[in-house]
Amino acid sequence: MNSVRIWYKKSGLVIYTSHLDMNRCFTRAVRRADIPLWYTEGFNPHPYLNFLLPLPLGQSGEKEPIDIKIEEDIPLDEIGRRLNSVLPDGLEIVAVTSPVNKVNEITEARYIIDIEFASGSEAEGFASGAAAVIESGVLNAEKRSKRGIQTVNLCEFTGDFSVSYAENRVRIDTCLATGTQRNLNASLLVDSLLGEFGAQPEKVSIARKEIYTANKKIFE
Amino acid sequence: MYPKEIEKYLLKVQKPGRYVGGELNSVVKDRGSVDISYAFCFPDTYEIGMSHLGMKILYSLVNARDDARCERVFAPDTDMEEIMRREKIPLWALESGEPVKDFDLIGFTLQYELCYTNVLNMLDLAGLPVRSADRESLTPLVIAGGTCVCNAEPMADFFDITLPGDGEEVTNELIDLLKEYKAKGATKREFLIAAAQIPGVYVPSLYEVEYNEDCTVKSVTPTCGAPGKVIKRNVADLDTMFAPESFVVPYLESVFDRTTVEIFRGCIRGCRFCQAGFLSRPLREKSPAEVERQCRAICESSGYDEISLCSLSTSDYRGLPELLSSMLPWADENKINVALPSLRIDNFPKELMDKLNTVRRSGLTFAPEAGTQRLRDVINKNIYEKDILSTVAQAFAGGWTAVKLYFMIGLPTETKEDIEGIANLAQAVVDEFYHCENKPKGKSVSVNISLASLVPKPFTPFQWEAQDKPDVLIEKQDYLLSCIKTRKVQLSRHVPWTSFLEGVFARGDRRLGKVIETAWRKGCHFDSWEEHLDREKWTASFEECGIDPFFYTARERDLEEIMPWDHMDYGVTKKFLQKEYLKAHKGETTPSCREKCSNCGAARLNGGVCNEFRKDMV
């Protein structure tokens, strides 16, 4: 039995597929690719396939990790090649590696958030407003967690934050707490910032770019 | 794909994956590369529609043509509908995101009567007039197929064409004809008159219906050379019939999240309440080798880990032992679960049960349908209590502890004893568990009664019967509940109001078109979902149109009465159905086709040959 970390890119129409549905989708893809997945040994055996950081509905990801266990030794690049030949549009394997870090070592991730407004003045106003809010260090929002709904200060979950705008578009480049211990969904940050100013964007796209362990080392 | 205007709302609705397309094996063709664009519409939500085998077959069939494309359309859920109406975004097809109204053919599949308002709603969301007469140009043509078109009369005002019977061949013929008429710039009327000459094509607007003073049908007269009887299409050979080898694999979990492969069409049983059994005669089997080939191909292209072998009565498939012994080792090796729905309780051999046990174990479901032998004889179910008990004993010995039993109430000649009989039979199954020496240790038994009510349907021997009114059915349900004395037996029942509406439309006539339109304009849709069904709006609609719904359900019909669907020919003759009706009332049974041919008349659709006795006669 071999542990393998596959890294996929999620973009296009597939971003509207939820985490649970992604799980089914990848299980089927692995079957189509004829990769001998290891099955759990219970009363109802199921294939072992673990999404380390499920992407929220509607967000794209550059390089997202899934851990699988396989029964035979197959060259890593062969696994990627086979999967890419059967995956639907919008899903692509970008790397296959042996796991280096453990999932609980993940601390942060970098997000690029593009927000499109109807006019340039709305974009300008929102960009300067958002920067000021983050600068102030206080952005309270209701956050769902295992302990129920709590009001938290989102700034405490936000690391680097830069915002720019061009014409009617605003781009936020930010690092947010991510992982099993502390986690902030980028949608919550965007919605709270928009809510502060009652802004009504035409379109919001959120992309997770990189995943880090402590001291901003790339998660491998 | 989706229209650009909807993008910003996608994350505001439940399950946006329903509206975007892009699934594995979906076929995207450019409009400019084809002559005919076909929008296949399923009048319910994505998850329900994506489980439907007919859609998968026709989707692949049309897309296999170079000159045509087929795209999928589903009914948007209420949250999405609200946005579409507010933002004036017309209904789109999932592959291209193009508006449905720009397609040449808009085809609906009618699987149940309670989807009729959804059809109107989808046409309206597409920006089209709902009535056929108000759509003047040749395209889009609105057509329909599926079980319910055996009596399309309640929907006659809305559809341009319906296609009774198997759709595989006639769909291609219709596309060919439309391509020709579109190219020469023909009018809609010219096309419809020509289309009516294709066998198995019904053009409702070419038939004039007259009524008697008592509201029954007086006559149905074809015009413009349309045939007096529209004979359903019948695909003779299932081995050479088009069958898809790749399915669109949804990301969202659909109702039946698995592959489905048909093993035969038709049914040798003559259960007198069962419309599907009579509509799909004569029996035509697919060879085990072909079934297995298709199963393997689909699993390879989809990655599904469950196959359902589909038919009306799986254990009647003569190739089953051969199929399972060659397929199960392969399925086992690839961790594929083989599901056999629709098993009969009287021919479920132990070897079959053992074989199924090797893969994952699902629940056991059987359908005695009625609680006493007398009533089972009336409905010609032809199974006996001893068969039921010996099969469940076998199942308990094999480790099963949960059994689901399907029953119906509201059956003709039903008495209180018959209803008590349901509780008694369930109790007997519980007792059988405790008598079983090899029962699973330390476990309890659970018997689930699923209780439906009879809706008499066209083309069955019960098409003349009165249907119980909802309040009577509720009384009967309550009585059954009072007869159940143990907590090991659970009863699941439903509100008979849906059965009532279903009954009205199943045996309805053209006068109901205005009721359906009125109810839809009042906001009725998704009527099959109990939480959406608005009883008051329906009652008001019947009243406004001056129509008594009980005329269609509670009235016992005369055997000689002209039925609104008599100009449809599904093979089985009216004379045979009348004979079966009379036998039902005498409690006489009719043997299965395998024991003895009862001359139902369906064989003539197959050139006089019925698979069943062809093999016996050689």
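Modeller: Start with pairing: two strands pair if DSSP finds at least two bridges between them. Helices (H or I, at least four residues) and strands (E, at least two) are DSSP runs, numbered from the N terminus. This is a predicted model: local features need pLDDT of at least 70, side-chain atom pairs count only at pLDDT 80 or more, and totals for chains, interfaces and linings use all residues. Residues are numbered from 1 along each chain as its sequence is written, chains are lettered from A and ligands numbered from 1 in written order, and side-chain values use heavy atoms, without hydrogens and water.

Biologist: What makes β1 and β3 of chain B run as joined strands?

Modeller: Four bridges join β1 (residues 36-42) to β3 (residues 105-109) of chain B, and the two run parallel. Ala39(B) stands opposite Ile106(B) in β3(B).

Biologist: Why do β2 and β5 of chain B count as edges?

Modeller: The open sheet has five strands in the order β2-β1-β3-β4-β5 (chain B). β2 (68-74) and β5 (161-162) of chain B each have a single partner strand, so one side of each lacks a neighbour in the sheet.

Biologist: Why are α13(B) and α14(B) called oblique?

Modeller: Their axes cross at roughly 50 degrees and come within 9 Å. Angles under 35 degrees count as roughly parallel, over 145 as roughly antiparallel, 65 to 115 as roughly perpendicular and the rest as oblique. α13(B) and α14(B) are therefore oblique to each other.

Biologist: Which residues of α13(B) and α14(B) make the contact?

Modeller: Contact means heavy atoms within 4.5 Å. Among them are Ile419(B) of α13(B) and Leu480(B) of α14(B).

Conventions: Axes fitted to C-alpha atoms, helices over the stretch in contact; angles between N-to-C directions.
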